[in-house]
Amino acid sequence: MKDKKMDDALDSFVKSLEEEQKSGSLIENKKIKGEQVEQKCSGLDRIVDLIKNTLEAICIGEDLRVEVDENNLKFAVYGDDLSMAIGKNGKNIEAIEYLINLISAKKKLVNKNILIDIKDYRQKKAEKIKKTAIKLAKKAIKEGRKIKMQPMSAFDRKIIHDTLSGFAKIRTKSKNEEPFRRIIIYPVQENN
Amino acid sequence: MKELLEYMVKELVDNPEEVQITEEEEDEKTVIFKLKVAEEDLGKVIGKKGRTANALRVVMRAASAKRGKSSIVKILD
């Protein structure tokens with residue numbers, strides 16, 4: 001009795017393994033041509049493939065190079081003519097990142113959110129936001145009044161909160177609801 | 001372009017073999033993609049507050065804009 005159960009369990013396990021291999025090879029076959037077929041099956045490589053396939057389909061197959069930062073799960077993409085993949089205010093890159101995050105969560109490729117950057121767009125944008133935030137914080141201290149910032153995404157707001165948390169003379173707060181949620185910088189009264 | 005939509009949707013759903021996409025040209029510049037998935041996968045392609053559906057549309061719009069066209073993605077139920 002017991003042995004039979006064990007056998008059944010083993011059988012189903014082997015079957016599921018085989019199915020997994022099959023579905024894996026299906027995806028390999030589906031790869032858009034011009035891609036080197038790699039035998040590596042780790043989650044990171046699968047994500048790189050996903051990013052490449054998507055961007056090549058959007059930008060009609062330009063020369064793509066993906067740099068992987070394994071510790072922070074950052075994928076930096078470089079290539080010619082990727083403006084369409086970034087989109088207005090980074091709209092397209094956000095959509096691509098969201099979809100790839102969904103897929104990686106479903107297939108359990110990695111267990112954390114991934115970040116995609118195209119031609120350092122994200123990095124440059126973050127630096128710009130930091131600069132503006134520090135400028136406005138100084139203004140708030142100097143003029144002794146609260147200052148409202150532009151509405152921004154949660155990701156961008158976090159950058160500001162993190163940047164300004166080092167300033168003792170101000171505090172930051174978010175107000176209003178998405179998509180109009182914005183940061184307000186308050187100067188801290190010194191008399192208490 | 002159809003391949004791109006098919007590729008992404010098939011990765012998202014539980015029943016990839018039931019994904020059907022038809023491509024129709026409405027006029028010279030507009031393409032309509034009609035997307036059909038298994039009933040239990042509808043929520044997966046639509047997402048919370050339609051976020052996944054919108055992301056798919058944004059990506060398809062980007063791909064078609066590169067080819068000088070506009071695209072519409074319809075999810076059939």
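Two strands are counted as paired if DSSP finds at least two bridges between them. Helices (H or I, at least four residues) and strands (E, at least two) are DSSP runs, numbered from the N terminus. By these terms, Glu23(B) stands opposite Phe33(B) in strand 2 of chain B.

This is a predicted model, in which local features need pLDDT of at least 70 and side-chain atom pairs count only at pLDDT 80 or more, while totals for chains, interfaces and linings use all residues. Residues are numbered from 1 along each chain as its sequence is written, chains are lettered from A and ligands numbered from 1 in the order in which they are written, and side-chain values use heavy atoms, with hydrogens and water left out.

## Chain B

Chain B has an open sheet of three strands in the order 1-2-3, with mixed pairing. Its edge strands, each pairing on one side only, are strand 1 (20-25) and strand 3 (70-76). From one strand to the next the twist averages 20°; for such angles, axes are lines fitted to C-alpha atoms, for helices over the stretch in contact, and values run from 0 to 180 degrees between N-to-C directions.

Strand 1 of chain B runs antiparallel to strand 2 (residues 30-36) of chain B, and six bridges join them. Glu25(B) has Val31(B) in strand 2 of chain B as its bridge partner.

Two helices lie across this sheet. Helix 1 (residues 2-12) of chain B lies across strand 1, strand 2 and strand 3 of chain B, at about 155° to strand 1 of chain B. Helix 3 (residues 51-66) of chain B lies across strand 2 and strand 3 of chain B and runs at about 150° to strand 3 of chain B.

Strand 1 (residues 64-69) and strand 2 (residues 74-79) of chain A pair in the antiparallel sense over six bridges, and Leu64(A) stands opposite Gly79(A) in strand 2. The two strands form a hairpin with four residues between them. Leu73(A) lies in the loop between strand 1 and strand 2 of chain A and has a phi near 55°, a positive value in a residue other than glycine. Most residues other than glycine have a negative phi, and most peptide bonds are trans.

Three bridges join strand 4 to strand 6 (residues 182-187) of chain A, and Pro151(A) stands opposite Arg182(A) in strand 6.

In the loop between strand 5 and strand 6 of chain A lies Pro179(A). The peptide bond from Glu178(A) to Pro179(A) is cis, with omega near 0°.

Leaving aside neighbours within four places in sequence, Thr163(A) is in contact (heavy atoms within 4.5 Å) with Lys130(A) and Ile134(A). The side chain of Thr163(A) also reaches the backbone oxygen of Ile159(A) at 2.4 Å.

## Charges over rings

A charge sits over a ring if NZ of Lys or CZ of Arg is within 6 Å of the ring centre and within 35 degrees of the ring normal. Two such cases are tabulated.

| Charged residue | Ring | Distance from ring centre |
|---|---|---|
| Arg122(A) | Phe155(A) | 5.7 Å |
| Arg171(A) | Tyr186(A) | 5.0 Å |

## Interface

In the interface, 19 residues of chain B are in contact with 23 residues of chain A. The two chains bury about 2,100 Å² between them, 68% of it on carbon and sulfur atoms; buried area is the accessible area (1.4 Å probe) that two parts lose on being put together, summed over both. Tyr7(B), Glu11(B) and Lys66(B) supply 35% of the area that chain B buries against chain A, more than any other three residues.

Methods: A polar contact is a pair of N or O atoms within 3.5 Å; within protein, one must be able to donate a hydrogen and the other to accept it, and residues adjacent in sequence count only if both atoms are side-chain atoms.
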